[in-house]
Amino acid sequence: MNRRWFLLGPLALVFLVFGCYMLAVSYHQNHPTVFLALFFSSSLIILLSAAMIIGLACRFFWPLRPEAEKDGKAGEEKGISKP
């Protein structure tokens, strides 16, 4: 498993928590412009971090290549030889 997943996963969780905190803080603002700025920026942070978490989970649980291709044996079952 690649080391960057162990860095990107917790980093995405930190940004998700930070986005939720900013969203909660935005509701305690009295000025409407500050509320809108905090609300939309926190929504974007939550969206991006959630997409990163979902993408990492999909790459972790469903690899793109089957195990046969990782070993360099792709196509040997079907009689196709590699050049």
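The second largest pocket has a volume of about 160 Å³. A pocket here is an open set of points on a 1 Å grid over the protein atoms alone, where a 1.4 Å probe fits, with protein on both sides within 12 Å along at least five of seven lines. Its volume is the space filled by probe spheres set on the points, which are joined across faces, edges and corners. Rolling a probe the size of a water molecule over the atoms shows where empty space is left.

This is a predicted model: local features need pLDDT of at least 70, side-chain atom pairs count only at pLDDT 80 or more, and totals for chains, interfaces and linings use all residues. Residues are numbered from 1 along each chain as its sequence is written, and side-chain values use heavy atoms, with hydrogens and water left out.

Which residues line the second largest pocket closest to its centre? Of the ten lining residues, these are Trp5, Gly9, Ile53, Leu56 and Ala57. A lining residue has an atom within 4 Å of a point. Helices α1 and α2 are the elements that give two or more residues to this lining. The largest share, five residues, comes from α2. By class, the lining holds nine nonpolar residues, one polar and no charged. Ala, Val, Leu, Ile, Met, Phe, Trp, Tyr, Cys and Pro count as nonpolar; Asp, Glu, Lys and Arg count as charged; the others, Gly among them, count as polar.

Now step back to the whole chain. The protein chain has three helices and zero strands. Along the sequence, the pattern reads α-α-α. Helices (H or I, at least four residues) and strands (E, at least two) are DSSP runs, numbered from the N terminus. Of the 83 residues, 13% count as buried. Buried means under 20% relative accessible area, exposed over 50%, and partly exposed in between (1.4 Å probe, protein chains only).

How do two of these helices meet? Two packed helices are described by the angle between their axes and the distance between the axes. Helix α1 spans residues 3–26 and helix α2 spans residues 32–61. They pack at an angle of about 155 degrees, with their axes 8 Å apart. The axes are lines fitted to C-alpha atoms over the stretch in contact, and angles run from 0 to 180 degrees between N-to-C directions. Therefore α1 and α2 are roughly antiparallel to each other, a term for angles over 145 degrees. Their contact has 20 nonpolar, six polar and one charged residues.

Gly9 lies in α1 and counts as buried because its relative accessibility is 18%. At 46% relative accessibility, Leu13 is partly exposed. Leu13 and Ser49 are 36 residues apart in sequence and 7.0 Å apart in space, C-alpha to C-alpha. Leu23 is another residue of α1, partly exposed at 23%. From Leu23 to Ser43, the C-alpha distance is 7.2 Å, across 20 residues of sequence.

Technical notes:
Angles under 35 degrees count as roughly parallel, over 145 as roughly antiparallel, 65 to 115 as roughly perpendicular and the rest as oblique.
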